[in-house]
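Dear colleague,

I am handing over the structure we spoke about, and below it I set out what was found. Please keep it open beside you as you read.

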Amino acid sequence: MLIVTAMYLYREHYKEINMAQKRVSFVNRVSHELKTPLTNIRMYAELMADKINPKDGLGKHIHVITTESQRLSRLIDNVLNFSRSQRERLKLNKLKCNPDEHLNAVINVVEPIMKSAGVEVCLGKITNQPVYLDPELFEQIMINLLSNAEKYAACGKKVDISAEIKDQNLIIYVQDYGPGIQQNQSLKIFEPFYRISSKLTDGVSGAGIGLSIAKELALLHGGNLELVTSNLGKGCCFKLTLNISDPNST
Amino acid sequence: MKVLIAEDDQFIREGLQELIEPEGYQCILVSDGEQALEMFNAESPDLILLDIMMPKLDGYSVCRSIRKTDENVPIIFITAKSEEIDQVLGLELGADDYIKKPFGTREVIARIRAVTRRRLRDSKADSTDEANTFTMEGLKIFCRELKAQRNDEIIELSLRDVKILQYLFQNHGKVVDRDSLFNHVWGRNYIPNSRTLDQHISQLRKLIEIDPKAPQIIKTVHGVGYRF
């Protein structure tokens, strides 16, 4: 009887793993298939933009197509990263680099979308020194955090970013002035596919994986991503910690 | 310079052509890996844009075959899978660069210019330094670098911009008629739109002239052409 039960449980477990792998593979295929039409949308919109006056009405319409296609490609990258992380652990690739430069690069990328949403991104205190960091992971985390602020805290009109180095960690604070998050949801927001439902957030597009991926990447980088303060109606502050020790030193 | 574009999606292929040709390249379009090898052997392109997922023969196999006979021709992979990049660079296939889908037009131009610069630098034996670096009204042109410099300002140029400036410099003081300039820069096989040359010169003036409305480098000779 025991053997039969064990065999049944093993078979069920195997079936579940198999199903999960199929789901991940399906997501991967769909995401890759999306990239070809997305390439065409972005490329042809940019080709068209070069031929017209950017100030006329058509220019604005094309600008929306290009920025939205860029937003869609970030979303696809998130889905792919998420599905990759389900299959295998992502690898950390630390390089000596200046975090301020990468913060500025991220701000340049998100600025058009933030501006359209009426949000100003302000970079305050910066580190001014090179550290050991995985720049791609860092940028992905910051893009996800700022994209989160654009979606859920645009009514606050402003996002403040500051950076500092403490011990062997790079610490980034991202403060928004949106509706804030209730205390009982402060941990749930990092769960995959979890989305807060309220009058202010219903209708906001997204898969609910941005913060979950950002936290996972921060943990992979020997750090963490936490919601440190949240006042309802006044906004919230995320604290990103990344370990910046030299990977070659023991 | 000839660019071989091997990509199975027709719209991406044609969009890349529309993007790259104004830079001064002649594009050869193919839709599968076998055609890519045939056209590589027949046309000897100066640069190859190679999609990975293609019918008949994938991009990796095309790259391997090309590298057996030509170690130098620059190959830029176009990939939809970010994981593939590791393979492209890690398997020592000999690719020079890669572009991830969905790409922006500026990124494509920047990568093609970078590869072209390397290609031109490596072909030093082809021409003298004097022909490759010259000055026009205080603007120093570095042909192999695809750039110009005025005081501290660096101006990025396309291959076509450089060809125009080189031709005008070689004919300093003389009027260059529109047909000669067109044939020299675009090639005799190109069927021009009557505005193509004027539009290009207008864009180039915005880049290199101190006052594009009162040009000192590319002067218009009404009814005939241009003069430096």
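Two residues are taken to be in contact if their C-beta atoms, placed from the backbone, lie within 7 Å. Please bear in mind throughout that this is a predicted model.

With that cut-off, and leaving aside residues up to four places away in sequence, B:I48 touches B:L4, B:A6, B:F40, B:V73 and B:I75. B:I48 is also listed, together with B:L4, B:A6, B:L49, B:L50 and B:I75, among the residues with the most contacts inside the largest nonpolar core, which has 50 residues. Helix α7 of chain B (residues 159-170) supplies the largest share of this core, namely five residues. As general background, nonpolar side chains tend to be buried together in soluble globular proteins.

In chain A, the axes of helix α3 (residues 99-116) and helix α4 (residues 135-152) come within 10 Å and cross at roughly 35°, and the crossing is right-handed. Among the residues that make this contact are A:V106, A:V109 and A:I113 of α3(A), and A:F138, A:M142 and A:L146 of α4(A). By class, the residues of this contact comprise 13 nonpolar, two polar and two charged.

Where the two chains meet, chain B and chain A each bring 14 residues to the contact. On the side of chain B that touches chain A, helix α1 of chain B (residues 10-20) gives the most, with five residues, and that side as a whole has six nonpolar, four polar and four charged residues.

With best regards

How values were computed:
Residues are numbered from 1 along each chain as its sequence is written. Chains are lettered from A and ligands numbered from 1 in the order in which they are written. This is a predicted model: local features need pLDDT of at least 70, side-chain atom pairs count only at pLDDT 80 or more; totals for chains, interfaces and linings use all residues. Axes are lines fitted to C-alpha atoms, for helices over the stretch in contact, and angles run from 0 to 180 degrees between N-to-C directions. Helices (H or I, at least four residues) and strands (E, at least two) are DSSP runs, numbered from the N terminus. A crossing is left-handed if the near helix is turned anticlockwise from the far one by less than a right angle, and right-handed if clockwise. Ala, Val, Leu, Ile, Met, Phe, Trp, Tyr, Cys and Pro count as nonpolar, Asp, Glu, Lys and Arg as charged, and the others, Gly among them, as polar. A nonpolar core is a set of buried Ala, Val, Leu, Ile, Met, Phe, Trp, Tyr and Cys residues joined through C-beta atoms within 7 Å. A residue is buried if 20 or more other C-beta atoms lie within 10 Å of its own, exposed if 12 or fewer, and partly exposed in between; C-beta atoms are placed from the backbone.
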